[in-house]
Amino acid sequence: MSNPVVFHQTIPESDIVPLTSRVGAEIKGIRLGEALSDATIGSINQLLLKYKVVFFRGQKHLDDAEQELFARRLGDLVPHPTQGAVAGTASILNLDSSSGGGRADQWHTDVTFVDAYPKFSVLRGVVIPAAGGDTIWSNTHAAYEALPEPLKLLADNLWALHSNAYDYAAAHPRASAEEKKHYDEVFTSTIYETEHPVVRVHPETGERSLLLGNFVQRFVGLSRSDSTKLYEVFQSYVTAPENTVRWRWKAGDVAIWDNRATQHYAVNDYGDQHRVVRRATVDGDVPISVDGRRSATRVKEAKLAAKAA
């Protein structure tokens with residue numbers, strides 16, 4: 001059973017606008033930045049635990065440096081393990097639709113191919129299409145709670161192998177040559193394989209959440225064929241519309257999500273329009289299963305080193 005979370009927030013209730021009953025809230029009246037009080041930062045953290053993803057409009061004053069100064073108030077920053085960070089920053093990942101790797105149009109939790117994957121992600125809208133380009137988030141705790149008891153029992157005892165090396169062409173049949181090159185040369189410059197529990201216990205709330213997403217290759221002890229069928233069953237609860245919230249971006253918007261309790265999907269419906277968002281990433285912790293075991297990275301292998309050998 002989940003532990004109740006006690007909220008001591010300083011943000012007025014009138015400035016908190018829930019977007020659905022299960023996930024997502026817009027927070028008004030706050031100018032994000034390093035100068036926010038400890039009490040306000042604490043309230044934002046508590047609201048993240050409650051709503052899983054929170055949104056702030058009108059933050060056009062933020063640049064990369066200010067975005068990171070704010071994000072650092074939520075925890076230590078960490079670069080992407082294979083793509084690194086924008087020059088001069090600690091963690092900024094540039095997601096540009098005009099370059100390889102800019103369209104994350106699969107359901108995923110960020111960077112689950114490593115053991116201590118990110119805790120929070122802070123995403124800033126820079127260039128937003130006139131139409132399309134929304135992002136959808138899912139509450140993976142709500143997905144777990146919706147499982148029938150026999151499926152909960154099964155999920156509680158399953159582990160999954162996550163990797164950044166997967167069948168990219170099958171997953172992205174419309175990918176451009178540049179996107180395929182980015183995947184081959186950058187995204188998989190180092191190959192990771194990590195075993196995670198399918199159900200992780202949240203370190204702050206005690207809630208149980210489904211830990212799945214597109215980096216899952218198979219379930220430990222099951223064939224790929226059986227894994228695929230079972231994955232589709234569990235993932236269908238994650239993507240059920242009632243467990244999701246959809247955000248229509250404007251330039252200057254900021255979304256922050258608890259990466260330990262969500263999946264998200266960047267909708268690729270804006271054609272040749274330009275879309276740029278920039279992400280600052282807060283370092284995470286190693287997941288713990290229902291029975292107290294910890295995730296572990298089994299493979300970390302640089303491609304060049306492998307070829308040289």
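**Exercise 1: Strand partners**

Find the residue in S13 that Phe55 stands opposite, and say how strand S3 and strand S13 run.

*Solution.* Phe55 stands opposite Ala255 in S13. A word on the model before we go on: it is predicted, so local features need pLDDT of at least 70 and side-chain atom pairs count only at pLDDT 80 or more, while totals for chains, interfaces and linings use all residues. Residues are numbered from 1 along each chain as its sequence is written, and side-chain values use heavy atoms, with hydrogens and water left out.

Next, the elements: helices (H or I, at least four residues) and strands (E, at least two) are DSSP runs, numbered from the N terminus. Two strands pair if DSSP finds at least two bridges between them. Strand S3 (residues 53–56) and strand S13 (residues 254–258) have four bridges and run antiparallel.

**Exercise 2: The sheet and its helices**

Work out the order of the strands in the open sheet, and which helix packs on the sheet and touches S1.

*Solution.* Begin with the order, which is S1-S2-S3-S13-S5-S15-S4; these seven strands form an open sheet with mixed pairing. Then look at the edges: strand S1 (16–18) and strand S4 (93–96) each pair on one side only. From one strand to the next, the twist averages 20°.

Contact here means heavy atoms within 4.5 Å. Angles run from 0 to 180 degrees between N-to-C directions, with axes as lines fitted to C-alpha atoms, for helices over the stretch in contact. Helix H1 (residues 38–51) packs on the sheet and touches S1, strand S2 (25–27), S3, strand S5 (120–127) and S13; the direction of H1 makes about 125° with that of S3. Helix H2 (residues 64–71) lies across S5, S13 and strand S15 (276–282), at about 30° to S15.

**Exercise 3: Aromatic pairs**

Decide what kind of pair the rings of Phe55 and Trp137 form, and whether Phe55 is buried or exposed.

*Solution.* Start from the rule: rings of Phe, Tyr and Trp (its six-membered ring) pair if their centres lie within 6.5 Å, and planes under 30 degrees apart count as stacked, over 60 as edge-to-face and the rest as tilted. A search of the whole structure finds nine aromatic pairs. The centres of Phe55 and Trp137 are 5.3 Å apart and the planes are at 70°, so this pair is edge-to-face. Phe55 lies in strand S3 and Trp137 in strand S6 (residues 135–139), so the pair ties together parts 82 residues apart in sequence.

For burial, the cut-offs are under 20% relative accessible area for buried, over 50% for exposed, and partly exposed in between (1.4 Å probe, protein chains only). Phe55 has 0% relative accessibility, so Phe55 counts as buried. Trp137 is buried as well, at 0% relative accessibility. To finish, ring pairs link Phe55, Trp137, Trp247 and Trp257 into a cluster.

**Exercise 4: A buried arginine**

Locate Arg260 and find which side chains make polar contacts with its side chain.

*Solution.* Arg260 sits in the loop between S13 and strand S14 (262–266). With 4% relative accessibility, Arg260 counts as buried. A polar contact is a pair of N or O atoms within 3.5 Å; within protein, one must be able to donate a hydrogen and the other to accept it, and residues adjacent in sequence count only if both atoms are side-chain atoms. The side chain of Arg260 makes such a contact with the side chain of Glu204 (2.8 Å), and another, of 2.9 Å, with that of Asp258.
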